[in-house]
Each structure stands twice: as structure tokens, then as C-alpha cells.
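Visitor: I am new to reading protein structures. Could you walk me through this one step by step?

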Amino acid sequence: GVARAGQGGVLVKGGGPLEQLGRLGALAFDKTGTLTDGKPRVTDVHPHGDVSEAELLRVASAVEQLSDHPLAEAVVRYGQEHIDGRPPQAATDLESITGRGIRASLGGIPVHVGKDALFDEVDGPSLPDALRKTVESLESEGRTTMVVRKGETYLGVIGLADTPRDGAADVLDRLRKIGIRRMIIISGDNQRVVDAVAKELGIDEARGDLLPDDKVETIQRLNREHDVAMVGDGVNDAPAMANATVGIAMGAAGSDVALETADVALMADDLGHLPFAVGLSRQTSRIIRQNLWLALGMVAFLVPATIFGLQIGPAVVLHEGSTLLVVGNALRLLKYST
């Protein structure tokens, strides 16, 4: 079974995870890079007050250049395409604020970039009502938002969109058909954004605004109700994977930490391999049970048969013949397909 999984582009770290895949009652998915392409693009730029669009992009790009987050890369790429004139000034002293955003220094002035919730937690003026309404409007349309504040001045908000993976809805439908009834999105993104993705993909449960510790708590709670798998690709997903019955990493796009933590890796970065892996696990368990009954049944027959007169030669032939049947039955897994 492990060999067939490898042929199909699924790396399974041993027989235990392979068996557990077939017993799953629930699947929890991270959003960005798992159910979506993980290649967000800037869709909206809304300066605040007298700030120009170029100034907003210049400051955001300068700070986000220090980050390797997919959202940061999208902002930098958009800024390079749309900022005319002088390049953005280099920022320094990047500090990540887990699950909220980042802080850096630009020309000696602190700059904060992140969710609206970030500005309820850091010192300084609160988010203006007009800007908060813009954020809520963008998020209701499924956008991820980044508010930018330089010193005490709010520069505006940038909206980004990350489209669902091609075929993601079909994969989820196939998982339902093979018996996975409960599927959940758990994400650090805003709840309205996560709800929009869940609605598009047909997932009933969506939980947003989660920090890494919140994801762990959610997985632990689900684990008390079902065997649950956590599917993700990032460093923030690794603790949740470690607490799930089975941790599943998106191989090609996954971080090193996620791949190290996971029990299963989809090496082609293709969600379509997930139904294959679950189906293979169930078929493997069926063949294990068949082989146990075959082997034990033959022993149960041969022990009394030899006591009551069956010669040792025929008994050995029957015993070794059953061994060959067990091996042949197991080898059928190499031809498994969904």
C-alpha cells in the first residue's frame, strides 16, 4: 500500500498513517495554499484621506519586501508594476505580529501593516470609521485586507484575492462520495473571507481569525469527536498537523516544517491525490483483513487435519500455498486506482 501511494504521488511515512487515513471522519483544511492557489493578487487599493495611491503602495512595498509571506510578495509585485518614479525607501527592523501583521521602521518612523484587528492591539490612534467600513466592504466580497499605518497616520487599505484551486470543489465532492462527511476550513484569515471561500467550494463549516494556537485547539476538539486529518502547507499549520490523527502536507508548496511534521505529503501539490490516498487506505485495510482470515483459517484447518492423519507433505504444501495467496492478494494493491 505504501509503495502504491508513492507511485501515485503520495508520500506516506509508514503503515500507521496509511491505515488511519481510511478511518477519518473529518478533514480540516487550511485555506491559503491548500484550497486556494496560494498566489494572491492585489485587486483593490484605497488610500485614506489626502494620501495618494502611489504613497500607499510605496510604503506598503517597502515594508513587505522584508517578508516572504505570499500576501507580501503580491503587494511588492503590484507595487513594482504601478509605482512610477523613485523606488520605495528600504525598510528595516521587521517584526512579525503572529496572526495579525507586521511592524517595521521606515526612515526611523514605525510602520504597521496588517489586519484591522492589529490596530486594536498596538499603541496609537484607532482605525478610523471610514477606513473600517472600507475594510468590511472588501472582506464581504472575499478580499483579504491589509491596513497600512505610518507613525500616527493611516495611509489606507489594500485588498487582495486568492482564487480557489482548479478542481478543488470536485475533490471535495469526491471525498464526500467516499464517506468523508465533515469538512472544515480553519484559517487565520478574516471570517468573512473564509466564509466566502467556503461558500464557493460548498463547505458548510468555516472558522476564521484563528491564531496557530487556536488551530491546535480546534483540531484537538475535533479529535474528540472523530479521527481527523489536518491538511496544510505552512509553518503556522505544523502544530495543528502534529495534533491531528493524520497530518497531511501539500508537498511542492509546503514549508520544510510542515513537511517534516506531516504523516502524509501530497508530493505533486495536487489535492486530487487526497481521495486516492483515502481510498487506497481503505482498500489496504480490506486486504489486510482478507489475508488475516486466509492465513488463520488455513492454520485452523491444518492443525486438526494433521492430528487426524493428514501427512506432513500435503500440509506443508497447503500452508505455503496459503502464504503465496496472501502475498498475491497484497500485490493487487499495486494495481489500485480510484
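Visitor: Leaving aside its neighbours within four places in sequence, which residues is Arg 174 in contact with?

Guide: Keep in mind that this is a predicted model. Beyond its sequence neighbours within four places, Arg 174 is in contact with Gly 272, Pro 275, Phe 276 and Thr 338. Arg 174 itself belongs to helix α7, residues 168-177. Look also at Leu 274: it lies 100 residues from Arg 174 along the chain, yet their C-alpha atoms are separated by 9.4 Å.

Visitor: Is Arg 174 buried, exposed or partly exposed?

Guide: Its relative accessible area is 27%, so Arg 174 is partly exposed. Now try helix α12, where you will find Thr 284. With a relative accessible area of 7%, Thr 284 is under the 20% cut-off and therefore buried. Leaving aside neighbours within four places in sequence, Thr 284 touches Gly 1, Leu 18 and Leu 333.

Visitor: And what about Arg 289?

Guide: Arg 289 is in helix α12 too. It is partly exposed, at 48% relative accessible area. Between Arg 289 and Asp 237 there are 34 Å from C-alpha to C-alpha, and they stand 52 residues apart in sequence.

Visitor: How should I think about a nonpolar core?

Guide: In soluble globular proteins, nonpolar side chains tend to be buried together. Here, the largest nonpolar core has 38 residues, and Leu 27, Phe 29, Leu 175 and Ile 248 touch the most other members. Helix α12, residues 273-307, gives this core its largest share, six residues.

Visitor: Which residues does Ile 248 touch, not counting those up to four places away in sequence?

Guide: Among them are Leu 21, Ala 229, Met 241, Val 264 and Leu 274. There is also a second, separate core of 25 residues, including Leu 57, Ala 60, Val 75 and Tyr 78.

Visitor: How do I describe two helices that pack together?

Guide: Two packed helices are described by the angle between their axes and the distance between the axes. Take α4 (residues 53-64) and α5 (residues 70-82): they pack at about 135°, and their axes are 9 Å apart. That angle makes α4 oblique to α5. Their crossing is left-handed.

Visitor: Which residues make the contact?

Guide: From α4 come Glu 53, Leu 57, Ala 60, Ser 61 and Glu 64, and from α5 come Ala 72, Val 75, Val 76, Tyr 78, Gly 79 and His 82.

Visitor: How many of the contact residues of α4 with α5 are nonpolar, polar and charged?

Guide: Six are nonpolar, three are polar and two are charged.

Methods
Residues are numbered from 1 along each chain as its sequence is written. This is a predicted model: local features need pLDDT of at least 70, side-chain atom pairs count only at pLDDT 80 or more; totals for chains, interfaces and linings use all residues. Side-chain values use heavy atoms; hydrogens and water are left out. A nonpolar core is a set of buried Ala, Val, Leu, Ile, Met, Phe, Trp, Tyr and Cys residues joined through side-chain atoms within 4.5 Å. Buried means under 20% relative accessible area, exposed over 50%, partly exposed in between (1.4 Å probe, protein chains only). Helices (H or I, at least four residues) and strands (E, at least two) are DSSP runs, numbered from the N terminus. Contact means heavy atoms within 4.5 Å. Axes are lines fitted to C-alpha atoms, for helices over the stretch in contact, and angles run from 0 to 180 degrees between N-to-C directions. Angles under 35 degrees count as roughly parallel, over 145 as roughly antiparallel, 65 to 115 as roughly perpendicular and the rest as oblique. A crossing is left-handed if the near helix is turned anticlockwise from the far one by less than a right angle, and right-handed if clockwise. Ala, Val, Leu, Ile, Met, Phe, Trp, Tyr, Cys and Pro count as nonpolar, Asp, Glu, Lys and Arg as charged, and the others, Gly among them, as polar.
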